[in-house]
Structure formats: C-alpha cells, structure tokens
Amino acid sequence: MDCARKMNKLLTAVFAIAVACVTVASSAQEIKGDATAGAQKASICMGCHGIPGYRASFPEVYQVPMIAGQGAQYIVSALDQYRKGDRKFPTMRAIAASLSDQDIADLAAYYSTLGVVAGATLPEKPTIEPGPRVAAILAKANCIACHGANFAKPISPTYPQIAGQHANYLYVVLKEYKDGNVNPNFGRDNPIMGGVAKQFSDADLKAVADYVGSLNGDLKTVSESRFK
C-alpha cells in the first residue's frame, strides 16, 4: 500500500512537471503574425488610423497616432497594454479587449509593413538639431537610450519609433505617463516613462514633443481607399 501511494505521488509529480513544461514552451512560442490576414481585420482600425489628420477629442483634441510603419512588436505590446488596462483610453481598451492574440499579431504584421518603402533609410542622427532647452531636456531624460539617436531606431523592438509622430499626440502621451493612474479613464502605467515624464513641466514636455514631431521618420497614415 505504501509503495502504491508513493508511486501515485511520483506519477502525479511527473505529470505536473510535464504539464508545466508544455505550458512554458507554449508561452515561449511567439505567435506569428500574418499581414494578409491583418489587412482583412484592419477595418476596426481604419476609422481612426486610416484617415489623414483625423483627431481624437479625449482627453483633449489631438491627432491620432500614425501607426503604418511602426514596429510590429511595439504594436503588439501597446495593444496588450490596452487589454490589461496599463493604458486607459476607453475606445482603445474596448477594441483591444475584443482581439485575440492572433488578431493582434496579424494587425501588427499588417501595419508594420503598410506604406514601407523598400530600401529607404533614415540618417543615423536627426538633421534638425534641438535648441539648448530641448537638448538639455533630452539629455536629462536620456531619450536616445531607448528610442535611438534618431528617435526612429529603438534599442528594443517593443519600444516605439517616435520621430515624425504627431507632436500633439506625443505631448498627450507624455502627460499620460506623467499622470499615471490618477484618472480611471486616462493615463498610462509605465514605471520608466512615468519616472522620466514626472521630472518635467508640461511646457518642457510640449517642447520635446514639438521637436521630435518635427523630425523625419518612417511613420505615416495610409488612407484606406474608402476614405480618400
């Protein structure tokens, strides 16, 4: 009886380890996005991201971000943050919550290749030099450590390209990081960006947003045919 009990415990432990190993392996396997499938699913995004100059009105009026040409892994990360509530914009949270992991991977694959010009390259550093005030802010925040020297080649694919992004959008985002979780419907919970943004006044953040938004980048809004 004791031998049987010990054997059952051993088999149970082995089974648990096997299940854990399979779970870890499955989690570690990255879901591969299909750009063609993403194009078929992108109608949910086109009403905002497929209209050049389209503006959001909450929490203030600003242009919705350009996402064509943005890194796929960053798009995946951003949508996942909306699903988890780390980003709180109500519309995006609702949309992200309706998407499966495969949907997100497909949309990311689609937008990361949309409007991309083969062989086009950006200079290693911006062709526009920041003024003394902005230069001092950028140095203190050490922005290039994550977003790259030209703000278009982030050191991690989960970080965004920001060169040439709409300045008024960048300004709102920086204020969201600064506010953190204060408002249940507004804000972004990110310890790194939150720590950076909290060092500066809103005027400082706007100055940086205006500068980064003025730079050449790969981001764009590609009009969907029905909106042209």
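Trainee: Where is the place of P59?

Mentor: In this predicted model, P59 is in the loop that runs between β1 (55–56) and β2 (62–63).

Trainee: Which form does the peptide bond from F58 to P59 take, cis or trans?

Mentor: Start with the general idea: most peptide bonds are trans. Here, the bond leading from F58 into P59 is cis, and its omega is near 0 degrees.

Trainee: What about phi? Which sign should I expect?

Mentor: For most residues other than glycine, phi is negative. Now look at N142: its phi is positive, near 55 degrees, and N142 is not a glycine. You will find N142 in the loop between α7 (132–141) and α8 (144–147).

Trainee: Why does F151 count as buried?

Mentor: Buried means under 20% relative accessible area. F151 has 3% relative accessibility, so F151 counts as buried.

Trainee: And how does N142 count?

Mentor: N142 has 43% relative accessibility, so N142 counts as partly exposed.

Trainee: How confident is the predictor about the protein chain?

Mentor: The chain has a mean pLDDT of 88, with 86% of its residues at 70 or more.

Terms used. Residues are numbered from 1 along each chain as its sequence is written. This is a predicted model: local features need pLDDT of at least 70, side-chain atom pairs count only at pLDDT 80 or more; totals for chains, interfaces and linings use all residues. Side-chain values use heavy atoms; hydrogens and water are left out. pLDDT is the predictor's confidence in each residue, from 0 to 100. Helices (H or I, at least four residues) and strands (E, at least two) are DSSP runs, numbered from the N terminus. Buried means under 20% relative accessible area, exposed over 50%, partly exposed in between (1.4 Å probe, protein chains only).
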